[in-house]
Amino acid sequence: MKKLLLIFSILCICTVGSNAQLKYRSNGKLTMGNVEPVGYYTTHLFGWGHYYSWVGNGYDTFMKICLGVASPRISGTGDQIVFYNSETSQYNSIQVKSVYNYSDARAKTNIVPLRNAIDKVLSLNPVTYNWKDPGMSVRKSAAGGELGEVGFLAQEVELVLPEAVTEDEEGNKLINYSAIIPLLTESMKELTGQIEALNKEVDDLRAAKSTSGIESEMIKDANKPILYQNTPNPFGTETTIKYYIPKGRQSASICVFNLQGSMLLKKPITTGVGEGQITLSASDLKSGIYLYTLLIDNKEVDTKRMLITTN
């Protein structure tokens with residue numbers, strides 16, 4: 001019986017070989033189709049495309065490799081190709097020269113300019129972290145230790161920019177970091193516009209002062225408090241805020257708020273009435289736009305904007 005099986009196997013191999021479809025050579029190289037081995041590769045498959053399928057676990061899946069085009073194409077059952085090691089249950093990293101996202105305007109509709117990007121960017125929370133599973137870390141220090149990662153938490157990003165977050169079939173949250181780039185671009189444009197508006201406001205105030213000849217003493221005589229624009233503005237290290245407190249006031253302070261209205265700093269004024277100033281350090285706050293208000297006897301007198309460019 002064993003001899004019959006051996007003879008049958010030899011006949012099959014000879015038949016396939018004679019049709020020049022499947023060849024296995026003595027040097028360990030295998031070819032499929034009317035082709036010869038290439039370079040140091042051990043297998044060479046010829047054909048317009050190759051199709052791999054699986055039926056089991058309650059679902060059917062497939063993966064296609066199409067070679068009959070200038071740039072070979074890979075596709076699968078869903079709209080994603082996942083680099084994932086099923087044996088170790090770990091996502092894999094990929095290394096490429098460039099990544100291009102399909103973004104042809106001819107394929108898009110309902111195109112609307114992005115607005116209020118600064119508020120969304122300020123709501124994002126960049127973090128450093130380590131993976132719980134050591135096998136997920138591929139970056140090592142010179143000493144061999146695990147290096148930390150930098151990024152966002154998908155659940156937090158989903159609250160601010162749900163368009164950038166998706167979920168796989170196992171419930172894992174994933175972030176499309178490329179989707180955050182337009183948000184950053186628009187926020188820089190908005191920030192530039194606000195800086196230009198602030199600079200124009202400062203220039204207009206300087207021009208008005210130089211042409212009108214009105215001095216602050218005239219305003220002081222009217223017994224009105226004054227909050228001056230901070231200088232320099234924008235600033236990267238520290239800035240000075242000047243003020244004037246009239247007589248007859250009981251308490252005064254300068255408070256700093258973010259654009260959402262949350263108070264971040266409160267500087268009591270203890271120098272009494274008259275002119276004075278306080279100094280704010282950029283190290284106390286993050287880069288961004290802030291509001292500062294002069295409070296006298298717990299009443300808001302005036303509010304101005306300031307911009308911190310670096311920490």
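**Strand pairing, cores and helical segment of the predicted chain**

Strand β5, which spans residues 59–66, is joined to β6 by 4 bridges, and the two strands run antiparallel; strands and helices are here DSSP runs numbered from the N terminus (E over at least two residues for strands, H or I over at least four for helices), and two strands are taken to pair if DSSP finds at least two bridges between them. The model is a predicted one, in which local features require pLDDT of at least 70 and side-chain atom pairs count only at pLDDT 80 or more, whereas totals for chains, interfaces and linings use all residues. Residues are numbered from 1 along each chain as its sequence is written, and side-chain values rest on heavy atoms, with hydrogens and water left out.

Within this pairing, isoleucine 65 stands opposite isoleucine 74 of β6. Both strands belong to an open sheet of 3 strands, ordered β4-β5-β6 and paired in antiparallel fashion. Its edge strands, each of which pairs on one side only, are β4 (49–56) and β6 (73–76). Neighbouring strands of the sheet are turned against each other by 10 degrees on average, with direction ignored, the axes being lines fitted to C-alpha atoms and the angles between N-to-C directions running from 0 to 180 degrees.

Over the whole chain there are 5 helices and 19 strands. Of its 311 residues, 24% count as buried, a term that denotes under 20% relative accessible area, with exposed meaning over 50% and partly exposed lying in between (1.4 Å probe, protein chains only). Among contacts between residues at least 6 apart in sequence, 45% join residues at least 24 apart, a contact being defined by heavy atoms within 4.5 Å.

The largest nonpolar core holds 20 residues, of which Ile254, Val256 and Met306 touch the most other members; such a core is a set of buried Ala, Val, Leu, Ile, Met, Phe, Trp, Tyr and Cys residues joined through side-chain atoms within 4.5 Å. Two or more residues are contributed to this core by each of β14 (238–245), β15 (252–257), β17 (274–281), β18 (288–296) and β19 (299–308), and β18 gives the most, with 4 residues. A second, separate core comprises 12 residues, including Phe152, Ala154, Ala164 and Leu183. When residues up to four places away in sequence are not counted, the residues touched by methionine 306 include Phe235, Val256, Leu280, Ile289 and Tyr292.

Because 8 of the 9 residues of β18 are buried, this strand is largely enclosed by the rest of the structure. It is joined to β15 by 6 bridges, in an antiparallel arrangement, in which cysteine 255 has threonine 293 of β18 as its bridge partner. A further 9 bridges join β18 to β19, again antiparallel, and here threonine 293 stands opposite threonine 303 of β19. The β18 and β19 strands form a hairpin with 2 residues between them, and aspartate 297 in the turn has a positive phi of about 50 degrees.

Cysteine 255 is buried at 0% relative accessibility, and cysteine 66 is likewise buried, with a relative accessible area of 17%. The structure holds 0 disulfides, the criterion being a pair of cysteine sulfur atoms within 2.5 Å.

An unreviewed UniProt entry places a "coiled-coil region" feature at residues 181–208; such positions follow the numbering used here, feature names are shortened, and annotations may be inferred rather than shown by experiment. In the model, residues 181–208 are 100% helix and 0% strand, with the end C-alpha atoms 41 Å apart.
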